[in-house]
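Trainee: Could you walk me through reading a model like this one? I would like to start with confidence and then move on to single features.

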Amino acid sequence: MPNAATLLILVPLLPLLGALVCLAAGSRRALACYMAETFILLALAAGTLLVWNQANLAETSGLSFRNTEDLPNFEISLGRLGDRGPKVALNLAIDGLNAWLVFLTLGVGAAVIATSKSWVGEYPGAAMALLLLAVSFTLMAFLSMDMLVFYVFFELTLVPMFLLVGIWGGPDRQIAAQRMFLYTLAGGLCTLLGLLALAVPAGDFNWTVLRNSDFSGEGIFSRPVIFVLLMAGFIVKTPLVPFHTWQAITYVQAPTPVTAFLSAVLAKLGLYGMLRLGVFVMPDEMQTVGAHLLGSFAVASIVYGALCAFGSRDIKSLLAYSSLSHLGYVVLGLVSLDPSGLQGAVFHMVAHGVVTAGLLLAAGMIEAHEQTLVRTDLKGLLSRYPAIGGLFVFFCLASVGVPGLSQFVGEFLCLFGFFKSGVATLLGPVAVFGVMSGLFLGGWYTMTLIQESFSGTPETDETVPVKPRQLVVLGSLAAVVLWLGLSPQFVLETSGPEIKLLEQRHPAPATPVASAVVPGSAPRTIAE
Amino acid sequence: MFELSSEVLSGLALCVPVLPLIAAVVSAVLGSTRPSLAPLVASIGVLGAFAASLLLLLATAGHGGAAHIFHYGTWFTISHHSIDWEIRLDALATAMVCMVTFISFWIVIFSQGYMDGDLGSARFFSLVSLFVGAMAILVLANSLVVMFLGWEGVGVCSYLLVGFWFRKPEAAAAARKAFLVTRLGDVALLGALLLLACQPGSRALTFDAVFSAHLDAGIVYFVLLLLLIGAVGKSAQFPLHVWLPDAMEGPTPVSALIHAATMVTAGVYLLARFFPGMTGESVDLSRLDAIASVQDLAGGLGAITALSAAIMAMGQSDLKRVLAYSTLSQLGYMFMVLGVSGEPRGEHLPQEVIGVAAFASIFHLLTHAFFKALLFLSAGSVMHAMGHIIDMNRFGGLRRLMPITHASFLVGALALAGFPPLSGFFSKDEILLELWNGSLTGGPRSAFFAILFSVGLITAGLTAYYIFRAYFKTFHGEEKIPHEAGHHAHESPRSMTVPLMVLAVCSVVVGLAVGPTGILHHYLSHSSHWHLHESAFSVNIPMILGVLAAFTGVAVAWMLHKAAASTAKKRSMGLFESLADNRLYIDGLYLATLVRPLAALGSVVGWLDRELISPLIELGATVPRMVGGRFRSAQNGLLQFYALAMALGLIVILAMFTVAR
């Protein structure tokens, strides 16, 4: 078995190599698709090995904390930024925070590539290369322990996405691509500014160094300001209301499998940034500024996203808004800073990724045949697509939060963190009402979609046969949904050791106040 | 009766939910190639579950006391407390699970005949097995979160089975309505779990941990209130009752199983566990007061539902809807008696009073399951013969054509109306007696209980009226068969009549066997947190009044409908029929005040976001785009633009940074 350091560089390198090979394949569609699949599956195998080791490590070591330096890593120093500027290094490592996101990226990447034959048109090599490039960049961002390198790849993921949307997208692809680009760039530059403000005094971009830095702010760059700057890019990338307006049009205009990758993986990059740079590097600001700012944005996203999802015109924009709504719960878990809430948030990122990938890929398969995803044009899809439609309903139930399927545990733990940590009391009864009503509204728009488009009698009675490849892709995603729902503990525990680091940072944390607010009543506080 | 080692008990208990779940998977997989095997697999799975629960019942009948808790694994952990896959086996759970699996088995057998020839029958049997598994999890779970899994699981099965014929728009709409209305309650239930999880004492979220935790009276109140909302949604009580009549769009065996005998009683089961359980071990007045105020609500809502649903049942022309409203009304009885709160009464402690009330509700739950399932299956048998016509105006006088169905419907109707000595008589009497006793204490709530008692009594009369109205219209008068039935209208096949006969026998004997003999009372007294005291069966005033009400109801139905079953339809009951047609205008009220405004809000917000907010922000983005436009070339301008902008941005930011330093 190759050692962990080799695997660490192999995992992002394999898709990169695959991208080059695919470019060489040019317009030979079969060859390009075949090569892309080979390389992503190789990367998936390597990644699974890596993640599995890491998860087992967490399970055997239990909840004892560990230093990130002790983890297997791959490191090349890149010198300093400027003469006496902070140190930069290519430092790849896998820990509890990124392990399952790496797995998610590879798994969803493989699913997307395996189902992308239909839309690549005249440039199959270029499309496959860009998809592989997106996977590779995302992996680099997730694995990088150097925050500047993280930032660079965080931004670089935009390039393949921008081209994929801009070239292969729908009629409004130019507007969509530009809007996505402008928004995320604007947010990203704020993040860069914040990162520099933090790293220059610390003298290093390394995550551990940043975490332990006691820089207390200087001039206008006080810590709360740095925090807000840092978070700006992540808020846009996730996105959260009111910085979401690039999302729906991009999701609709992008080829549907690309939308699946955007929603399942790239949205998590923003949340991951909040986790690694917000929760771990600036926990105090997260607890004060973050709880107010991100917490309110999250609550707004939950309710506003759900309402927009109901009012959306096509299935893709419904799913985009639904993502907006569901990811709000992850943010609530993050701002809670409660160990269970954080574990739930990390878990929920993966759980949501799998479900949303399943929904969008299934929708894409229907779109490939129907040529439309406009809700009013579709009727009786369950009769026309018994297998794909049935799996779509299954993913819908998972998305609504039915226990036993993946999203329930994540949502439950995030909400637990939200209530227990006192963020609920902080944000007040209106926010609590919003958060809880989001759970109902999720069922409301989802069931309405199923009733309108999937039930009923179709215009033609001919059943569209399902391809074995489609069944394998959706079936394995469904199996993961069930696995995550029924035995989530293995995945939940992986992030345990890192979350312990937070408690280590605060040897005597301010006694958390267990509190709960009941909708319609004054906040009640109960001392623990 | 006999001893079984703990390992054997644990294995048997595991069989109860797991066998139907395996059957669900197997019949779904097999069903795609050999649909005819699906009913066989499902019936074996459910029969296995029944056999296991019967063994458990017999093995634990002799020696009660503490509940057995069996551990099978961990689901997830929450702040160092693990949520475990555990079964909690006590008398109440065992009795429930026996009833559920027994009735499920006979309904699966009935469905074999009923669903014969339906294209999706493999899906049907797979979902029914899944439902039985989920219901077993709901009943047997030790952790509240696992119970919630079962609770949502039965809800999802109900959703999928109501919408079983999803090509019919009505079925699809009914499925969505059922899911969403119960979802409202489910969110409240989830809120209760979160509230309990936030209390250090009850964080483990098992029944025992919650019941023994030292909770504030305020927390007890909110937890119970949220649980009540959950129970009201699931058990279709006012004001969340609107989904159940629509749910009749599902296949009739589903209505019998899910929407009469089992799932809809889950709310009663939950409250019958929690009201006595939350009293705690010692007498804590503030806590009892909190419980009592939630109980008042439960009783009040139950009374409203019992009476209004009975009124709506009186005017229905759809036989299944009569039964649906009747289910609402009977569940209302169970909620009413759950409202009997623990004012100290004589030498009995408050806990004992609440325990006895919970016993009465569970007794009625059990007997109701048998006779209501029987009534639904009889209606299904009628539907089967009449070519899926269920409008009572279109058929009549079927007693000669369908003798077995006729006899079983009559038995069910007599049991429902509460004629001695059928099972409904004993359990309804128990409820009326508790309400009567409550009204005699002279405490501050005695007037409230007196009202509840009179509602119960009036409803008893109305119940007898509407069910015999349906009986006379369907089986008496001139023989009338709709043309959809073709020329082969006949008694149903054996696979359907045998379950009818079995359930008919049960409806006659179950009440008599376990009620006045004290068997059920004795058995359930071992259920922890119920402080039951021995009581002997005797004739009492509420019983006589109840029987009188039933006779009156039947007599009125006989006078109005026996002779004129086939002639004048709308006579003196015109008002009720118009009220019933409009469902007392409650659905319309919701549609106007909640459903449509919410949908309109969604559409408006969606439109605004699409058409107004995004372009508005676009305006702000025009400036950079104009700048960018200068650098854009015709060929591949987008990529260059990106690179340039990024570089420019970097320079600007670095410059700002230097200035700031």
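Mentor: Gladly; we will take confidence, then a helix, then one residue. Keep in mind that this is a predicted model.

Trainee: What is the mean pLDDT of chain B, and where in chain B is confidence lowest and highest?

Mentor: Where pLDDT is low, the predicted coordinates should not be read in detail. The mean for chain B is 83, with 86% of its residues at 70 or more. Confidence in chain B is lowest in helix 23 (residues 637-660), with a mean of 54, and highest in helix 5 (residues 144-162), at 94. Over residues 630-637 of chain B, pLDDT is below 50, and the model gives this stretch 5 contacts beyond near neighbours in sequence. For the complex, the predictor reports an ipTM of 0.90 and a pTM of 0.90.

Trainee: How many residues of helix 4 of chain A are buried?

Mentor: In helix 4 of chain A, 18 of the 20 residues are buried, so the rest of the structure largely encloses this helix. Its length can be checked too: at 1.5 Å a residue, helix 4 (residues 124-143) of chain A should span 28 Å, and its end C-alpha atoms are 28 Å apart, which agrees.

Trainee: Which backbone oxygen does the side chain of Thr262(B) reach?

Mentor: That of Leu257(B), at 2.6 Å. Beyond four places in sequence, the contacts of Thr262(B) are Val100(B), Phe131(B), Met135(B) and Leu257(B).

Definitions and conventions. Residues are numbered from 1 along each chain as its sequence is written. Chains are lettered from A and ligands numbered from 1 in the order in which they are written. This is a predicted model: local features need pLDDT of at least 70, side-chain atom pairs count only at pLDDT 80 or more; totals for chains, interfaces and linings use all residues. Side-chain values use heavy atoms; hydrogens and water are left out. A polar contact is a pair of N or O atoms within 3.5 Å; within protein, one must be able to donate a hydrogen and the other to accept it, and residues adjacent in sequence count only if both atoms are side-chain atoms. Contact means heavy atoms within 4.5 Å. pLDDT is the predictor's confidence in each residue, from 0 to 100. Helices (H or I, at least four residues) and strands (E, at least two) are DSSP runs, numbered from the N terminus. The expected span of a helix is 1.5 Å times one less than its number of residues. Buried means under 20% relative accessible area, exposed over 50%, partly exposed in between (1.4 Å probe, protein chains only).
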